Amino acid sequence: MDLEVEAYLRPPEMDMPPYPPKVITLATGGKMVVRQATREDVPTILQAVKPTIEIERDFYDIVGVRVYAELLGWYRHRMRDMFCLIGQIDGYLVGQVNTRAYSEKLDISLHTLAIERGLRIGAHLFAAKMEYSFEYLGREEVLITAESPIGFRRWMIEYELELREGQHELGGAAPYALTRELYYKHKDRLVAGERPVPDKLMEVAEREIKVVSEQDIVEKILGAKRRIKR
Amino acid sequence: MRPVFVAGAGMIPFERQDENTLGDILAGAGLAALDDVDLGKHEVGAVYLGNMASGLFNHQVSVASALVDRLALIPAAAERIENGPASGGSAVKNGVLAVASGYYDVVLVVGGEKMRDVIGPKATDIVAAMTHPHAEYIYGLTLPAMAGMFTRLYMEKYGVTREHLAMVAIKNQENGITNPYAHIQMKITMEGILEHPQSHINSPIIADPLHLYDCCPVSDGGAAVVLVSEEIAKTLKKPMVQIAGFGQATDTHTLAEREDPTELKAVRLAAVQAFSRAGLKPKDIDVAELHDAFTILEIAESEQAGFFKMGEGAKAVERGDTRIGGKLPINPSGGLKARGHPVGATGVAQIVDLVWQLRGEAGENQVEGAKNGFSLNFGGFGNNVLAFVLRRIS
Amino acid sequence: MSNITAYKCKSCGLIMYPYHDRCLNCKKREFEEIEPSNNGKLLTFTIIEQLPWGMDERGRILGVVEFDNGVKALGLIDVEQPKLEMKLKRGWGTVREIGGVKVKGLIFEKA
Ligand SMILES: CC(C)(COP(=O)(O)OP(=O)(O)OC[C@H]1O[C@@H](n2cnc3c(N)ncnc32)[C@H](O)[C@@H]1OP(=O)(O)O)[C@@H](O)C(=O)NCCC(=O)NCCS
Ligand SMILES: [Zn+2]
């Protein structure tokens with residue numbers, strides 16, 4: 001690697017205080033640890049993202065391919081000021097969310113990708129990244145757009161997002177904004193999690209980010225083809 | 001009147017079925033029932049199709065004619081029966097009448113709906129179209145909201161608590177795990193949906209006091225039965241299951257006009273009719289499939305159909321009487337809560353599940369030795385209700 | 001003037017809303033048109049978090065109100081903290097937009 005050239009290509013980086021991990025009790029009673037991923041975690045996370053790239057349902061393909069590119073860009077220093085939070089149950093990766101800072105005041109919410117469905121994991125992780133932007137990074141506003149109808153309904157109505165002029169970085173539908181005020185207004189209803197994460201849980205989560213097989217990921221998202229005998 | 005028997009019963013998994021059209025779902029269910037019986041030289045004379053809103057969900061009408069065409073049942077008589085969420089029950093009833101009257105010896109009843117062609121809030125709107133156009137619909141009244149208003153009063157009057165409601169959801173989702181046809185196959189816990197201080201985020205309010213896990217999901221799916229005369233039933237190999245009686249009753253369109261809004265008059269009347277036609281009593285029933293579109297309904301129906309005294313339904317749930325292995329297992333299939341509720345399919349699916357129970361074919365969800373079964377299909381918000389009593393003839 | 005019309009059976013006195021072609025009680029067909037009184041009490045209510053398509057809001061409160069003269073009707077409850085049996089007064093206004101058209105209906109406020 002030509003480090004001299006590399007220095008030109010690498011974006012500058014803002015300082016970001018870390019996201020303190022938390023644990024969410026799910027409807028199953030299961031515990032999901034939500035914590036910040038590091039650059040070094042990216043190759044593992046990408047293993048889980050890869051199989052989603054070919055799933056048309058709910059625009060997983062679009063979201064998957066973009067998340068793949070964003071994470072890779074961040075890993076190889078081509079994506080500026082991005083953070084990624086992951087959800088893990090018993091060490092297994094169940095979803096990721098990522099956001100990019102535009103300025104000290106404004107974050108751009110990128111994607112929410114859940115690979116376990118029916119447990120509201122996407123909603124919990126989305127809430128977690130908003131929590132990070134407002135409560136730890138001190139942003140005034142987060143710009144949001146939706147690429148799937150589920151995302152649209154959830155985010156726009158649940159958080160009373162405000163329509164904004166101009167475009168979102170993803171170049172799709174109109175951008176909406178979650179403001180600091182709206183975040184705090186809806187926080188109690190939408191943002192779950194307890195801190196600190198008990199040592200045991202944290203240890204399992206940190207020891208290894210486990211990823212189920214590609215086929216299992218596809219089945220979790222599409223539903224397994226039922227094999228029924230009677 | 002001739003006795004009517006269920007000769008074949010079949011279902012396709014309830015879930016979100018993006019790969020299948022409504023036609024695929026109906027044909028799949030129909031074939032599942034036809035494959036369950038060897039009719040020999042007998043032909044299907046008539047087809048009754050329970051479906052609530054193919055026109056709105058799928059932009060397709062005359063679906064019964066399309067179905068006989070796909071199943072090569074031409075020239076059988078065929079029609080779609082629409083009675084809101086009780087369309088399936090109404091289709092079964094029409095099949096029963098057709099065989100009982102002697103007009104037909106073999107009837108195929110199919111119930112099916114494909115609701116997931118539209119996104120959630122649109123499905124909510126289509127379902128809400130059954131409310132009164134200018135006295136209810138215009139306000140944004142939804143079915144969960146009607147159930148919410150009912151629940152508030154029922155809780156107040158009979159001391160039903162959110163714990164009781166959660167117990168119904170937990171039991172039914174647990175039953176759903178071992179039902180391969182169930183839409184929701186996920187264990188939920190009291191901690192996760194009610195006790196944990198943040199559980200309201202997992203189970204958010206849908207229409208207060210009802211939360212997410214008090215509601216059935218929105219599903220695609222189909223179920224079917226083949227009904228035959230006694231003469232034909234006697235020639236078949238499987239245990240004979242008779243539709244011993246049905247009942248049907250209606251109530252006011254708007255909730256506001258009910259004299260006692262906690263009373264489900266149509267449920268009571270339909271059940272009384274079904275029992276008296278069958279010559280059985282609630283205490284004779286070994287297994288029941290009730291219409292738990294909302295958890296409160298399982299409790300309220302279990303009382304108003306005569307299984308428990310008013311106010312005792314919740315206690316029965318608490319004692320575990322309604323679990324598989326309890327005194328009266330209710331919704332061993334998982335009910336609408338877990339099996340799912342593709343509206344037009346539900347009433348037929350309930351009959352299919354009972355037939356499997358009475359034949360001893362219900363697998364892990366089998367209620368041991370079940371001989372008599374009861375089902376209740378609740379249309380509108382209780383303004384058009386069907387009840388069935390099924391009996392195994394040994 | 002009220003904006004909804006209720007019906008009182010001329011033969012048995014049953015009060016009905018909305019319209020029925022025959023009396024729900026005695027099946028006779030002659031009714032006196034009546035208006036609901038200005039005030040009533042809240043019989044039951046719900047707070048809806050998941051509204052149908054086209055209604056991008058949360059927390060809408062709907063309830064059934066019994067007017068002092070016996071008419072019962074569903075309406076929008078414009079009250080912060082509704083309680084059963086609460087006294088309400090009748091109002092009228094836009095309750096929903098359907099296909100771009102503003103639809104009016106009953107809106108209740110604290111009496
Ligand atoms: C309660 C309700 C609004 C929830 O909708 P939602 O949160 O938007 O659900 P989503 O579409 O995001 O569902 C995502 C997952 O959550 C789960 N889920 C959804 N609703 C569920 C429910 N009620 N119970 C348990 N799990 C549910 C499913 O696993 C679903 O996965 P799927 O897409 O494979 O089916 C909806 O289920 C509903 O309207 N139910 C009532 C239907 C009704 O009124 N029927 C007529 C009665 S007569
Ligand atoms: Zn009268």
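**Zinc site, chain C**

I looked up the spacing of the zinc ligands first: the donor residues of the zinc ion (ligand 2) follow C-x2-C-x10-C-x2-C in sequence. Cys12(C) and Cys23(C) link distant parts of the chain, eleven residues apart. Cys12(C) sits in the loop between strand 1 (6–9) and strand 2 (15–16) of chain C, and Cys23(C) in the loop between strand 2 and strand 3 (31–34). I noted that the model is predicted: local features need pLDDT of at least 70, side-chain atom pairs count only at pLDDT 80 or more, and totals for chains, interfaces and linings use all residues. Residues are numbered from 1 along each chain as its sequence is written, chains are lettered from A and ligands numbered from 1 in the order in which they are written, and side-chain values use heavy atoms, with hydrogens and water left out.

Which atoms hold the zinc ion (ligand 2) as protein donors? They are the SG atoms of Cys9(C), Cys12(C), Cys23(C) and Cys26(C), lying 2.3 Å from the zinc ion. Donors are N, O and S atoms within 2.8 Å of the metal (3.2 Å for Na, K and Ca); water is not among the atoms, so sites may look incomplete. The angles among the four donor atoms run from 100 to 118°, and the site is tetrahedral. For four donors, that word requires all angles to lie between 85 and 135 degrees.

I then checked burial: under 20% relative accessible area is buried, over 50% exposed, and in between partly exposed (1.4 Å probe, protein chains only). Cys23(C) is buried at 2%. Cys12(C) is partly exposed at 34%.

Chain C has zero helices and eight strands. Both kinds of element are DSSP runs numbered from the N terminus: helices are H or I, at least four residues, and strands are E, at least two. I found 47% of its 111 residues buried. The C-alpha trace of chain C spans about 45 × 35 × 25 Å along its principal axes.

Next I looked at the interface. Six residues of chain C are in contact (heavy atoms within 4.5 Å) with five residues of chain A. The area buried between the two chains is about 550 Å², with 42% from carbon and sulfur atoms. Gln50(C), Asp56(C) and Arg58(C) supply 70% of what chain C buries against chain A, more than any other three residues. Buried area is the accessible area (1.4 Å probe) that two parts lose on being put together, summed over both.

Is Asp58(A) buried or exposed? Asp58(A) counts as buried, at 15% relative accessibility. I place Asp58(A) in the loop between helix 2 (42–49) and helix 3 (60–75) of chain A. Its side chain makes a polar contact with the side chain of Arg117(A) at 3.0 Å. A polar contact is a pair of N or O atoms within 3.5 Å; within protein, one must be able to donate a hydrogen and the other to accept it, and residues adjacent in sequence count only if both atoms are side-chain atoms. Leaving aside neighbours within four places in sequence, Asp58(A) is in contact with Arg117(A), Ser148(A), Ile150(A) and Arg16(B).

Phe59(A) is in the loop between helix 2 and helix 3 of chain A. Phe59(A) has a positive phi of about 60° although it is not a glycine. Phe59(A) is partly exposed, at 37%.

Most residues other than glycine have a negative phi, and most peptide bonds are trans. Ser62(B) has a positive phi near 55°. Ser62(B) lies in the loop between helix 2 and helix 3 of chain B, and is exposed at 51%. A cis peptide bond joins Arg195(A) and Pro196(A), with omega about -5°. Pro196(A) is in the loop between helix 6 (180–190) and helix 7 (199–207) of chain A. Another cis peptide bond joins Ile74(B) and Pro75(B), with omega about 10°.

**Helix 12, chain B**

How many residues of helix 12 (295–304) of chain B are buried? Ten of its ten residues are. Among them are Glu298(B), Glu301(B) and Glu303(B). The buried residues pack against several elements of chain B, including helix 6 (143–158), helix 7 (162–177) and strand 10 (372–379). Just after helix 12, Gly306(B) takes a positive phi of about 105°.

Definitions and conventions. Tetrahedral: all angles 85-135°; square planar, octahedral: opposite > 155°, others 65-115°.
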